[in-house]
Amino acid sequence: MTYLKTTPTREGFFGSYGGAVLPPPLEPHFAEIREAYDRISKSADFIRELRYIRTHFQGRPTPVSYLRNLSDLCGGAQIYAKREDLNHTGAHKLNHCMAEGLLAKFMGKTKLMAETGAGQHGVALATAAAYFGMECEIHMGEIDIAKEAPNVTRMKLLGATVVPVSFGGRSLKEAVDSCFESYIAQADHALFAIGSVVGPHPFPMMVRNFQHVVGVEAREQFLDMTGELPDMVAACVGGGSNAMGIFSGFIEDDVALYGVEPAGTSSNLGDHAASIAYGEDGDIHGFRTIVLKDAKGEPAPVHTVASGLDYPGVGPEHAHLHRSGRVTYTTADDTEALKAFFELSRREGIIPALESAHAVAFAMREARANPGKSILVNLSGRGDKDIDYVTETFGFGEAL
Ligand SMILES: *Cc1c(COP(=O)(O)O)cnc(C)c1O
(Lines give C-alpha, C1' and ligand atoms only; values in the text may rest on other atoms or scores of the structure.)
Protein backbone atom coordinates (compact mmCIF):
# COMPACT_ATOMS: atom_id res chain seq x y z
CA MET A 1 0.00 0.00 0.00
CA THR A 2 2.89 2.35 -0.68
CA TYR A 3 0.95 4.50 -3.11
CA LEU A 4 -1.93 5.33 -0.75
CA LYS A 5 0.46 6.00 2.14
CA THR A 6 2.66 8.36 0.15
CA THR A 7 0.02 10.08 -2.01
CA PRO A 8 -0.79 12.91 -1.53
CA THR A 9 2.10 14.72 0.19
CA ARG A 10 1.58 16.28 3.65
CA GLU A 11 0.52 19.47 1.88
CA GLY A 12 -2.03 17.62 -0.21
CA PHE A 13 -0.22 17.45 -3.54
CA PHE A 14 -0.74 14.67 -6.06
CA GLY A 15 2.26 15.42 -8.27
CA SER A 16 1.72 19.07 -9.17
CA TYR A 17 -2.06 18.95 -8.54
CA GLY A 18 -4.19 19.52 -5.46
CA GLY A 19 -3.05 21.65 -2.52
CA ALA A 20 -5.23 24.23 -0.82
CA VAL A 21 -5.73 27.85 -1.87
CA LEU A 22 -8.06 29.20 0.80
CA PRO A 23 -9.48 32.61 1.63
CA PRO A 24 -7.84 33.62 4.97
CA PRO A 25 -11.03 33.20 7.06
CA LEU A 26 -11.25 29.53 6.02
CA GLU A 27 -7.62 28.65 6.78
CA PRO A 28 -7.97 27.87 10.52
CA HIS A 29 -11.06 25.74 9.87
CA PHE A 30 -9.35 23.61 7.23
CA ALA A 31 -6.33 23.27 9.55
CA GLU A 32 -8.74 21.94 12.20
CA ILE A 33 -10.21 19.41 9.73
CA ARG A 34 -6.73 18.24 8.65
CA GLU A 35 -5.61 17.77 12.22
CA ALA A 36 -8.84 16.00 13.21
CA TYR A 37 -8.74 13.66 10.22
CA ASP A 38 -5.12 12.63 10.93
CA ARG A 39 -5.81 12.05 14.60
CA ILE A 40 -9.29 10.49 14.51
CA SER A 41 -9.58 8.47 11.30
CA LYS A 42 -6.84 6.00 12.30
CA SER A 43 -8.17 5.49 15.84
CA ALA A 44 -9.60 2.10 16.77
CA ASP A 45 -12.84 3.68 18.04
CA PHE A 46 -13.49 5.51 14.76
CA ILE A 47 -12.70 2.44 12.63
CA ARG A 48 -14.89 0.21 14.79
CA GLU A 49 -17.90 2.53 14.58
CA LEU A 50 -17.48 3.09 10.83
CA ARG A 51 -17.39 -0.68 10.26
CA TYR A 52 -20.53 -1.08 12.33
CA ILE A 53 -22.33 1.60 10.30
CA ARG A 54 -21.25 0.08 6.99
CA THR A 55 -22.56 -3.34 7.96
CA HIS A 56 -25.71 -2.50 9.89
CA PHE A 57 -26.93 0.72 8.26
CA GLN A 58 -25.48 0.95 4.76
CA GLY A 59 -25.77 -2.72 3.85
CA ARG A 60 -22.10 -3.32 3.04
CA PRO A 61 -20.45 -5.25 1.59
CA THR A 62 -22.25 -4.65 -1.69
CA PRO A 63 -21.89 -7.62 -4.07
CA VAL A 64 -20.03 -8.05 -7.34
CA SER A 65 -22.37 -9.38 -10.05
CA TYR A 66 -21.35 -11.24 -13.20
CA LEU A 67 -23.29 -9.70 -16.11
CA ARG A 68 -23.73 -12.85 -18.14
CA ASN A 69 -26.38 -11.60 -20.57
CA LEU A 70 -24.59 -8.35 -21.30
CA SER A 71 -21.32 -10.25 -21.79
CA ASP A 72 -23.06 -12.63 -24.23
CA LEU A 73 -24.60 -9.69 -26.10
CA CYS A 74 -21.23 -7.99 -26.54
CA GLY A 75 -19.46 -11.22 -27.42
CA GLY A 76 -15.98 -10.67 -26.06
CA ALA A 77 -14.73 -9.92 -22.57
CA GLN A 78 -16.65 -11.02 -19.46
CA ILE A 79 -18.27 -8.02 -17.75
CA TYR A 80 -18.75 -7.74 -13.97
CA ALA A 81 -20.25 -4.94 -11.85
CA LYS A 82 -19.48 -3.76 -8.32
CA ARG A 83 -22.98 -3.02 -7.05
CA GLU A 84 -22.78 0.39 -5.33
CA ASP A 85 -26.38 0.84 -6.53
CA LEU A 86 -27.27 -1.50 -3.64
CA ASN A 87 -25.69 0.77 -1.02
CA HIS A 88 -28.33 2.51 1.17
CA THR A 89 -29.72 5.61 -0.64
CA GLY A 90 -28.74 3.97 -3.93
CA ALA A 91 -25.25 5.24 -4.64
CA HIS A 92 -21.63 5.27 -3.48
CA LYS A 93 -21.94 8.79 -2.02
CA LEU A 94 -23.08 7.49 1.35
CA ASN A 95 -19.65 5.84 1.82
CA HIS A 96 -17.97 9.19 2.37
CA CYS A 97 -21.00 11.01 3.83
CA MET A 98 -21.36 8.54 6.73
CA ALA A 99 -17.62 8.77 7.38
CA GLU A 100 -17.68 12.57 7.24
CA GLY A 101 -20.63 12.55 9.66
CA LEU A 102 -18.74 10.22 12.00
CA LEU A 103 -15.70 12.48 11.84
CA ALA A 104 -17.95 15.44 12.73
CA LYS A 105 -19.28 13.48 15.71
CA PHE A 106 -15.76 12.67 16.95
CA MET A 107 -14.85 16.38 16.50
CA GLY A 108 -17.79 17.35 18.71
CA LYS A 109 -19.67 19.08 15.88
CA THR A 110 -23.47 19.18 15.81
CA LYS A 111 -24.10 20.19 12.20
CA LEU A 112 -23.22 19.06 8.64
CA MET A 113 -23.15 21.52 5.76
CA ALA A 114 -22.71 21.22 2.00
CA GLU A 115 -23.64 22.53 -1.38
CA THR A 116 -25.41 20.29 -3.86
CA GLY A 117 -26.02 20.42 -7.61
CA ALA A 118 -28.50 17.75 -8.66
CA GLY A 119 -29.19 17.01 -4.99
CA GLN A 120 -27.59 13.56 -4.71
CA HIS A 121 -24.87 14.72 -2.32
CA GLY A 122 -27.42 16.72 -0.34
CA VAL A 123 -29.60 13.64 0.11
CA ALA A 124 -26.66 11.45 1.18
CA LEU A 125 -25.44 14.06 3.66
CA ALA A 126 -28.95 14.66 5.04
CA THR A 127 -29.17 10.88 5.58
CA ALA A 128 -25.91 10.92 7.55
CA ALA A 129 -27.08 13.93 9.59
CA ALA A 130 -30.34 12.17 10.49
CA TYR A 131 -28.42 9.04 11.55
CA PHE A 132 -26.09 11.02 13.82
CA GLY A 133 -28.85 13.28 15.15
CA MET A 134 -27.20 16.39 13.69
CA GLU A 135 -28.54 19.48 12.00
CA CYS A 136 -28.02 19.69 8.24
CA GLU A 137 -27.84 22.76 5.99
CA ILE A 138 -27.72 22.25 2.22
CA HIS A 139 -27.14 25.14 -0.22
CA MET A 140 -28.70 24.67 -3.64
CA GLY A 141 -29.17 27.00 -6.61
CA GLU A 142 -32.75 28.02 -7.40
CA ILE A 143 -32.44 26.58 -10.91
CA ASP A 144 -31.43 23.19 -9.49
CA ILE A 145 -34.18 23.33 -6.86
CA ALA A 146 -36.75 23.71 -9.64
CA LYS A 147 -35.21 20.87 -11.72
CA GLU A 148 -34.64 18.38 -8.91
CA ALA A 149 -37.84 18.58 -6.88
CA PRO A 150 -37.83 14.95 -5.63
CA ASN A 151 -34.35 15.35 -4.09
CA VAL A 152 -35.42 18.62 -2.42
CA THR A 153 -38.40 16.75 -0.92
CA ARG A 154 -36.09 13.91 0.23
CA MET A 155 -33.71 16.33 1.96
CA LYS A 156 -36.61 18.02 3.75
CA LEU A 157 -38.10 14.66 4.82
CA LEU A 158 -34.69 13.77 6.23
CA GLY A 159 -34.81 16.92 8.33
CA ALA A 160 -32.36 19.11 6.39
CA THR A 161 -32.72 22.84 5.78
CA VAL A 162 -32.40 23.61 2.07
CA VAL A 163 -31.07 27.14 1.48
CA PRO A 164 -32.05 28.45 -1.99
CA VAL A 165 -29.25 30.38 -3.71
CA SER A 166 -30.63 33.23 -5.78
CA PHE A 167 -27.57 35.15 -7.04
CA GLY A 168 -25.51 34.83 -10.27
CA GLY A 169 -26.22 31.70 -12.31
CA ARG A 170 -28.26 30.29 -9.36
CA SER A 171 -26.58 26.88 -9.75
CA LEU A 172 -23.76 24.75 -8.30
CA LYS A 173 -20.96 27.31 -8.44
CA GLU A 174 -23.00 29.91 -6.53
CA ALA A 175 -24.14 27.24 -4.07
CA VAL A 176 -20.46 26.55 -3.24
CA ASP A 177 -19.82 30.27 -2.58
CA SER A 178 -22.99 30.61 -0.52
CA CYS A 179 -22.20 27.53 1.58
CA PHE A 180 -18.58 28.60 2.27
CA GLU A 181 -19.83 31.96 3.50
CA SER A 182 -22.42 30.43 5.80
CA TYR A 183 -19.87 27.86 7.03
CA ILE A 184 -17.34 30.52 8.10
CA ALA A 185 -19.96 31.92 10.49
CA GLN A 186 -20.72 28.48 12.01
CA ALA A 187 -17.45 26.55 11.80
CA ASP A 188 -17.16 26.26 15.59
CA HIS A 189 -20.03 23.75 15.61
CA ALA A 190 -20.40 22.70 11.93
CA LEU A 191 -18.41 20.53 9.50
CA PHE A 192 -18.33 21.31 5.80
CA ALA A 193 -18.63 17.99 3.97
CA ILE A 194 -17.48 18.02 0.34
CA GLY A 195 -19.22 15.54 -1.97
CA SER A 196 -16.38 14.20 -4.11
CA VAL A 197 -12.58 13.93 -4.29
CA VAL A 198 -12.41 17.67 -5.02
CA GLY A 199 -11.90 20.88 -3.04
CA PRO A 200 -8.94 22.02 -0.96
CA HIS A 201 -6.74 19.53 0.95
CA PRO A 202 -7.59 17.35 2.91
CA PHE A 203 -10.88 16.57 1.10
CA PRO A 204 -9.52 14.81 -2.02
CA MET A 205 -7.46 12.49 0.21
CA MET A 206 -10.13 12.08 2.87
CA VAL A 207 -12.97 11.28 0.48
CA ARG A 208 -10.74 8.82 -1.44
CA ASN A 209 -9.80 7.04 1.76
CA PHE A 210 -13.47 6.83 2.82
CA GLN A 211 -14.34 5.37 -0.63
CA HIS A 212 -11.40 2.93 -0.54
CA VAL A 213 -13.71 0.28 0.93
CA VAL A 214 -15.28 -0.13 -2.54
CA GLY A 215 -11.97 -1.18 -4.09
CA VAL A 216 -10.93 -3.36 -1.15
CA GLU A 217 -14.22 -5.28 -1.23
CA ALA A 218 -14.29 -5.54 -5.02
CA ARG A 219 -10.73 -6.91 -5.23
CA GLU A 220 -11.40 -9.65 -2.70
CA GLN A 221 -14.83 -10.51 -4.14
CA PHE A 222 -13.50 -10.72 -7.68
CA LEU A 223 -10.63 -12.97 -6.60
CA ASP A 224 -13.11 -15.10 -4.71
CA MET A 225 -15.43 -15.44 -7.73
CA THR A 226 -12.88 -16.00 -10.48
CA GLY A 227 -9.58 -16.94 -8.85
CA GLU A 228 -7.82 -13.99 -10.45
CA LEU A 229 -7.85 -10.21 -10.68
CA PRO A 230 -9.83 -8.44 -13.43
CA ASP A 231 -7.85 -7.37 -16.49
CA MET A 232 -9.60 -4.01 -16.62
CA VAL A 233 -11.45 -1.84 -14.06
CA ALA A 234 -13.65 1.06 -15.21
CA ALA A 235 -15.59 3.85 -13.51
CA CYS A 236 -17.32 7.06 -14.54
CA VAL A 237 -15.60 10.31 -13.52
CA GLY A 238 -17.42 13.46 -12.45
CA GLY A 239 -15.40 14.77 -9.51
CA GLY A 240 -14.04 11.25 -9.37
CA SER A 241 -14.94 9.75 -5.97
CA ASN A 242 -16.48 6.47 -7.10
CA ALA A 243 -13.58 6.01 -9.53
CA MET A 244 -10.94 6.66 -6.84
CA GLY A 245 -12.79 4.26 -4.54
CA ILE A 246 -12.52 1.31 -6.90
CA PHE A 247 -9.16 2.29 -8.50
CA SER A 248 -7.48 2.56 -5.09
CA GLY A 249 -8.14 -1.15 -4.50
CA PHE A 250 -6.17 -2.11 -7.63
CA ILE A 251 -3.61 0.67 -7.93
CA GLU A 252 -0.65 -1.52 -6.91
CA ASP A 253 -1.78 -4.41 -9.14
CA ASP A 254 -1.14 -5.23 -12.76
CA VAL A 255 -4.71 -4.18 -13.66
CA ALA A 256 -5.56 -1.63 -16.35
CA LEU A 257 -7.65 1.24 -14.92
CA TYR A 258 -10.04 3.36 -17.02
CA GLY A 259 -11.80 6.59 -16.07
CA VAL A 260 -14.79 7.43 -18.27
CA GLU A 261 -15.69 11.11 -18.66
CA PRO A 262 -18.98 12.36 -20.15
CA ALA A 263 -18.57 13.46 -23.79
CA GLY A 264 -22.12 14.90 -23.84
CA THR A 265 -23.41 15.82 -27.30
CA SER A 266 -20.23 17.07 -29.03
CA SER A 267 -16.61 18.05 -28.48
CA ASN A 268 -17.50 21.78 -28.53
CA LEU A 269 -16.96 23.64 -25.25
CA GLY A 270 -20.29 23.70 -23.41
CA ASP A 271 -21.53 20.43 -24.96
CA HIS A 272 -19.61 18.03 -22.68
CA ALA A 273 -18.00 17.76 -19.23
CA ALA A 274 -14.84 15.85 -20.19
CA SER A 275 -12.25 17.88 -18.27
CA ILE A 276 -9.25 15.60 -18.78
CA ALA A 277 -10.02 15.01 -22.46
CA TYR A 278 -10.39 18.69 -23.37
CA GLY A 279 -9.21 20.80 -20.42
CA GLU A 280 -5.97 22.42 -19.30
CA ASP A 281 -4.14 22.97 -16.02
CA GLY A 282 -5.79 25.55 -13.79
CA ASP A 283 -7.34 26.37 -10.41
CA ILE A 284 -10.93 25.79 -9.37
CA HIS A 285 -12.63 25.93 -5.93
CA GLY A 286 -9.34 26.23 -4.03
CA PHE A 287 -7.18 23.51 -5.65
CA ARG A 288 -5.07 22.88 -8.76
CA THR A 289 -6.24 20.40 -11.37
CA ILE A 290 -7.30 20.06 -15.02
CA VAL A 291 -10.15 22.47 -15.78
CA LEU A 292 -12.46 23.29 -18.69
CA LYS A 293 -12.09 27.05 -19.14
CA ASP A 294 -14.01 29.59 -21.20
CA ALA A 295 -12.40 32.39 -23.25
CA LYS A 296 -11.97 34.50 -20.10
CA GLY A 297 -10.21 31.67 -18.25
CA GLU A 298 -13.22 31.04 -15.96
CA PRO A 299 -14.66 27.52 -15.39
CA ALA A 300 -16.72 26.82 -18.54
CA PRO A 301 -20.39 25.80 -18.75
CA VAL A 302 -20.75 22.04 -19.15
CA HIS A 303 -23.36 19.57 -20.38
CA THR A 304 -24.00 15.85 -19.90
CA VAL A 305 -27.14 13.76 -19.74
CA ALA A 306 -25.93 12.67 -16.26
CA SER A 307 -26.21 15.64 -13.93
CA GLY A 308 -23.93 14.03 -11.33
CA LEU A 309 -21.05 14.25 -13.81
CA ASP A 310 -21.41 17.90 -14.79
CA TYR A 311 -18.41 19.58 -13.21
CA PRO A 312 -15.87 21.65 -15.22
CA GLY A 313 -12.94 20.16 -13.29
CA VAL A 314 -11.84 16.83 -11.87
CA GLY A 315 -10.31 15.62 -8.60
CA PRO A 316 -6.58 16.44 -8.47
CA GLU A 317 -5.61 12.78 -8.08
CA HIS A 318 -7.17 12.00 -11.46
CA ALA A 319 -5.17 14.81 -13.08
CA HIS A 320 -2.07 13.23 -11.52
CA LEU A 321 -2.94 9.65 -12.53
CA HIS A 322 -3.59 10.89 -16.06
CA ARG A 323 -0.19 12.65 -16.27
CA SER A 324 1.62 9.67 -14.70
CA GLY A 325 -0.13 7.29 -17.12
CA ARG A 326 -1.31 4.88 -14.39
CA VAL A 327 -4.96 5.45 -15.38
CA THR A 328 -6.27 5.80 -18.95
CA TYR A 329 -9.01 8.42 -19.33
CA THR A 330 -11.54 8.05 -22.09
CA THR A 331 -15.10 9.23 -22.78
CA ALA A 332 -18.62 7.99 -23.49
CA ASP A 333 -21.20 10.35 -24.97
CA ASP A 334 -24.88 10.86 -24.05
CA THR A 335 -26.14 8.41 -26.68
CA GLU A 336 -23.75 5.63 -25.67
CA ALA A 337 -24.67 6.12 -22.01
CA LEU A 338 -28.40 6.01 -22.80
CA LYS A 339 -28.01 2.82 -24.87
CA ALA A 340 -26.10 1.23 -21.98
CA PHE A 341 -28.86 2.40 -19.59
CA PHE A 342 -31.50 0.55 -21.64
CA GLU A 343 -29.39 -2.57 -22.29
CA LEU A 344 -28.40 -3.08 -18.65
CA SER A 345 -32.01 -2.59 -17.54
CA ARG A 346 -33.48 -4.98 -20.08
CA ARG A 347 -30.78 -7.66 -20.11
CA GLU A 348 -29.66 -7.78 -16.50
CA GLY A 349 -32.57 -6.39 -14.46
CA ILE A 350 -30.43 -3.53 -13.19
CA ILE A 351 -31.51 0.06 -13.91
CA PRO A 352 -28.27 2.04 -13.60
CA ALA A 353 -27.81 5.71 -12.80
CA LEU A 354 -27.06 7.65 -16.00
CA GLU A 355 -23.67 8.47 -14.47
CA SER A 356 -22.81 4.79 -14.04
CA ALA A 357 -24.18 4.03 -17.53
CA HIS A 358 -21.13 5.86 -18.94
CA ALA A 359 -18.86 3.20 -17.42
CA VAL A 360 -21.15 0.42 -18.65
CA ALA A 361 -21.02 1.93 -22.16
CA PHE A 362 -17.23 1.81 -22.02
CA ALA A 363 -17.29 -1.84 -20.93
CA MET A 364 -19.68 -2.79 -23.76
CA ARG A 365 -17.44 -1.04 -26.29
CA GLU A 366 -14.22 -2.56 -24.95
CA ALA A 367 -15.67 -6.07 -24.44
CA ARG A 368 -15.99 -6.57 -28.18
CA ALA A 369 -12.31 -5.72 -28.68
CA ASN A 370 -11.04 -7.85 -25.78
CA PRO A 371 -12.18 -11.49 -26.04
CA GLY A 372 -10.96 -13.64 -23.16
CA LYS A 373 -10.44 -10.65 -20.86
CA SER A 374 -12.50 -9.53 -17.85
CA ILE A 375 -13.81 -6.03 -17.14
CA LEU A 376 -15.05 -4.90 -13.72
CA VAL A 377 -17.30 -1.82 -13.81
CA ASN A 378 -18.09 0.27 -10.76
CA LEU A 379 -21.88 0.62 -10.88
CA SER A 380 -21.87 3.81 -8.81
CA GLY A 381 -25.64 4.14 -8.39
CA ARG A 382 -29.14 3.07 -9.31
CA GLY A 383 -31.22 4.82 -11.94
CA ASP A 384 -34.59 5.29 -10.23
CA LYS A 385 -33.87 9.03 -10.09
CA ASP A 386 -33.45 9.07 -13.89
CA ILE A 387 -36.41 7.03 -15.17
CA ASP A 388 -38.90 9.91 -15.61
CA TYR A 389 -36.42 12.08 -17.46
CA VAL A 390 -35.18 9.21 -19.65
CA THR A 391 -38.58 7.84 -20.68
CA GLU A 392 -40.14 11.27 -21.22
CA THR A 393 -37.22 12.31 -23.42
CA PHE A 394 -36.16 9.05 -25.12
CA GLY A 395 -39.16 6.71 -24.70
CA PHE A 396 -37.87 3.17 -24.26
CA GLY A 397 -34.83 3.73 -26.40
CA GLU A 398 -36.36 2.71 -29.75
CA ALA A 399 -34.83 5.65 -31.63
CA LEU A 400 -31.29 5.50 -30.19
C1 LIG B 1 -22.56 11.92 -7.86
C2 LIG B 1 -22.51 10.67 -8.64
C3 LIG B 1 -21.44 10.37 -9.51
C4 LIG B 1 -20.31 11.32 -9.76
O5 LIG B 1 -19.48 11.57 -8.67
P6 LIG B 1 -18.00 11.03 -8.57
O7 LIG B 1 -17.43 11.82 -7.46
O8 LIG B 1 -17.33 11.29 -9.88
O9 LIG B 1 -18.08 9.58 -8.29
C10 LIG B 1 -21.44 9.15 -10.17
N11 LIG B 1 -22.45 8.26 -10.02
C12 LIG B 1 -23.50 8.52 -9.21
C13 LIG B 1 -24.57 7.50 -9.11
C14 LIG B 1 -23.58 9.73 -8.51
O15 LIG B 1 -24.63 9.97 -7.71
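Biologist: Which element gives the largest share of the lining of the second largest pocket?
Modeller: In this predicted model, helix H10 does, with eight residues.

Biologist: How many residues line that pocket, and which lie nearest its centre?
Modeller: The lining of the second largest pocket has 32 residues, and those nearest the centre are Tyr37, Ser41, Lys42, Asn209 and His212. Elements that each give two or more residues are H1 (2-6), H2 (27-40), H3 (44-58) and H10 (203-226).

Biologist: How much space lies in it?
Modeller: About 1100 Å³ for the second largest pocket.

Biologist: And the lining by class, how many nonpolar, polar and charged?
Modeller: There are 13 nonpolar residues, eight polar and eleven charged.

Biologist: Where does the pocket lie relative to domain 1 and domain 2?
Modeller: Between them, because domain 1 (24-55 + 93-203) and domain 2 (59-91 + 211-394) both give residues to its lining.

Biologist: Switching to the strands. Is E10 mostly covered or uncovered?
Modeller: Covered, mostly: E10 spans residues 256-264, and eight of its nine residues are buried.

Biologist: How many bridges join E9 to E10, and do they run parallel or antiparallel?
Modeller: Five bridges, and E9 (residues 232-236) runs parallel to E10. Within that pair, Met232 stands opposite Ala256 of E10.

Biologist: Which helix does the chain pass through from E9 to E10?
Modeller: Helix H11, residues 241-247, in a right-handed β-α-β crossover.

Biologist: What about E10 and E13, how many bridges there?
Modeller: Seven, again in the parallel sense, with E13 covering residues 327-333. Tyr258 stands opposite Thr328 in E13.

Conventions:
Residues numbered from 1 in each chain as written. Predicted model: local features only at pLDDT ≥ 70, side-chain atom pairs only at ≥ 80, totals over all residues. Heavy atoms only, no water. 1 Å grid on protein atoms, 1.4 Å probe; cavity = no way out; pocket = protein on both sides within 12 Å on 5 of 7 lines; lining within 4 Å. Points joined across faces, edges and corners; volume = space filled by probe spheres on them. Helix = DSSP H or I, 4+ residues; strand = E, 2+ residues; numbered from the N terminus. Nonpolar A, V, L, I, M, F, W, Y, C, P; charged D, E, K, R; others polar. Domains from an automatic or database assignment. Buried < 20%, exposed > 50% of the residue type's maximum accessible area, 1.4 Å probe, protein only. Pairing = 2+ DSSP bridges. Right-handed = clockwise from strand over helix to strand, strands pointing away.
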